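Reader: Hi! Could you walk me through this structure with a few questions and answers?

Author: Gladly; here it is.

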Amino acid sequence: MSVDTPDGVVDPQADGAPHSPATDALDRPGIDPQPLEVVVVTGLSGSGKNSAGRVLEDLGWFVVDNLPPALLLPMVELGARGDIRRFAAVVDVRSRAFSSDLQEAIRVLDEAGHRPRVVYVHARDEVLVRRYESNRREHPLQGNGTLIDGISAERALLTGIAGEADLWVDTSDLNVHQLRATIENAFAREGRTPPLTATVMSFGFKYGLPLDADLVIDARFLPNPHWIPELRPHTGQDPDVRDYVLGQPDAAEFLDRYTDVLRLLVPGYRREGKRYLTLAVGCTGGKHRSVAIAEEFARRLADEGLTATARHRDLGRE
């Protein structure tokens, strides 16, 4: 169920307003609220927060759109007294006193025994500008300035909460299906405690570093298949390129040693409660070496018991 609260919440007991199991439960004495799984989706306007919220709704989460931070705890407690076990809120700068209030609201939720997780959805400036221009919309913080002024002001406002986010989702190069797959991979757990989930992302250095990477690996020390005419048209997903890259004298030792590093890091991430790991593998254009290495790391991480998927950010851009 998705609820939209533009500037507040309608009183559920008002005339004509339907009762829900959660609201009715408030009138029943002796109910000890149980902790909920809570996800707060926030980020830059135009980056796809609402789309992420719809995916969570399809996965069975109770989703509230545009919820002011001050109402997070009351809404979660309302759900906890009913039959809601997984609650998600989409929060953005349309809410008043946004940044510090949201961080405080998340801290209070955590102290109350709930399990809040923050998903920060963002995109590159030029992508946001293109999306706004195609929809002929004004940015909520634009005021009398330019569109880029509004985007810059919002980035500054979100600095604190972005640094505390559990999962960063960069939608700059994602279509709606890839965004859905990213959210489903992180949250489709049917109520079980989620394991550490790894995304191994290939990219091209000439297109810029992925902002949501936890670890970055440079594969440019390996010979480049681009300079072999019969391999140039192919990608790291093709057997001939994969075999060429992985068959280089240094490739096997590199993969083995870095896998050992990951074996050291992963238990520490789990102890610290980290649930999402993004390992970025780069080469010059993101077509050959990084793709083959990323696919291999995803396979090895899966063998280590992680939920691991490979994603190729820049494949097809050349």
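Author: Let me begin with a definition: a crossing is left-handed if the near helix is turned anticlockwise from the far one by less than a right angle, and right-handed if clockwise. Helices (H or I, at least four residues) and strands (E, at least two) are DSSP runs, numbered from the N terminus. This is a predicted model, in which local features need pLDDT of at least 70 and side-chain atom pairs count only at pLDDT 80 or more, while totals for chains, interfaces and linings use all residues. Residues are numbered from 1 along each chain as its sequence is written, and side-chain values use heavy atoms, with hydrogens and water left out.

Reader: Thanks! How many helices and strands does the chain have?

Author: Counting the DSSP runs defined above gives both kinds of element. The chain has 11 helices and 10 strands.

Reader: What share of the residues in the chain is buried?

Author: Buried means under 20% relative accessible area, exposed over 50%, and partly exposed in between (1.4 Å probe, protein chains only). Of the 318 residues in the chain, the buried ones make up 47%.

Reader: Which way do H2 and H8 cross, left-handed or right-handed?

Author: The axes of H2 (residues 49-58) and H8 (residues 176-187) come within 9 Å and cross at roughly 50 degrees; axes are lines fitted to C-alpha atoms, for helices over the stretch in contact, and angles run from 0 to 180 degrees between N-to-C directions. Angles under 35 degrees count as roughly parallel, over 145 as roughly antiparallel, 65 to 115 as roughly perpendicular and the rest as oblique, so H2 and H8 are oblique to each other. Residues that meet there include Val 55 and Leu 56 in H2, and Leu 179 and Ile 183 in H8, with contact meaning heavy atoms within 4.5 Å. The crossing of H2 and H8 is right-handed.

Reader: How are H5 and H6 oriented to each other?

Author: The axes of H5 (residues 125-135) and H6 (residues 147-157) come within 10 Å and cross at roughly 125 degrees. H5 passes H6 in a right-handed crossing, and among the residues that meet are Leu 128 and Tyr 132 in H5 and Ile 148 and Ile 151 in H6. H5 and H6 are therefore oblique.

Reader: What is the distance of the polar contact between the side chains of Glu 37 and Arg 117?

Author: Glu 37 is found in strand S2 (residues 37-43) and is buried, with a relative accessible area of 9%. A polar contact is a pair of N or O atoms within 3.5 Å; within protein, one must be able to donate a hydrogen and the other to accept it, and residues adjacent in sequence count only if both atoms are side-chain atoms. For the side chains of Glu 37 and Arg 117, the distance is 2.8 Å.

Reader: Which residue has its backbone oxygen 2.6 Å from a polar atom of the side chain of Arg 313?

Author: Arg 313 lies in the segment after strand S10 (307-312) and is buried, at a relative accessible area of 11%. Not counting residues up to four places away in sequence, Arg 313 touches several residues, including Asp 173, Phe 203 and Tyr 207. The backbone oxygen 2.6 Å from the polar side-chain atom of Arg 313 belongs to Gly 208.

Reader: What is the phi of Asn 66?

Author: Asn 66 sits in the loop between strand S3 (62-65) and helix H3 (72-80), where Asn 66 is buried, with a relative accessible area of 2%. Although Asn 66 is not a glycine, its phi is positive, at about 55 degrees.
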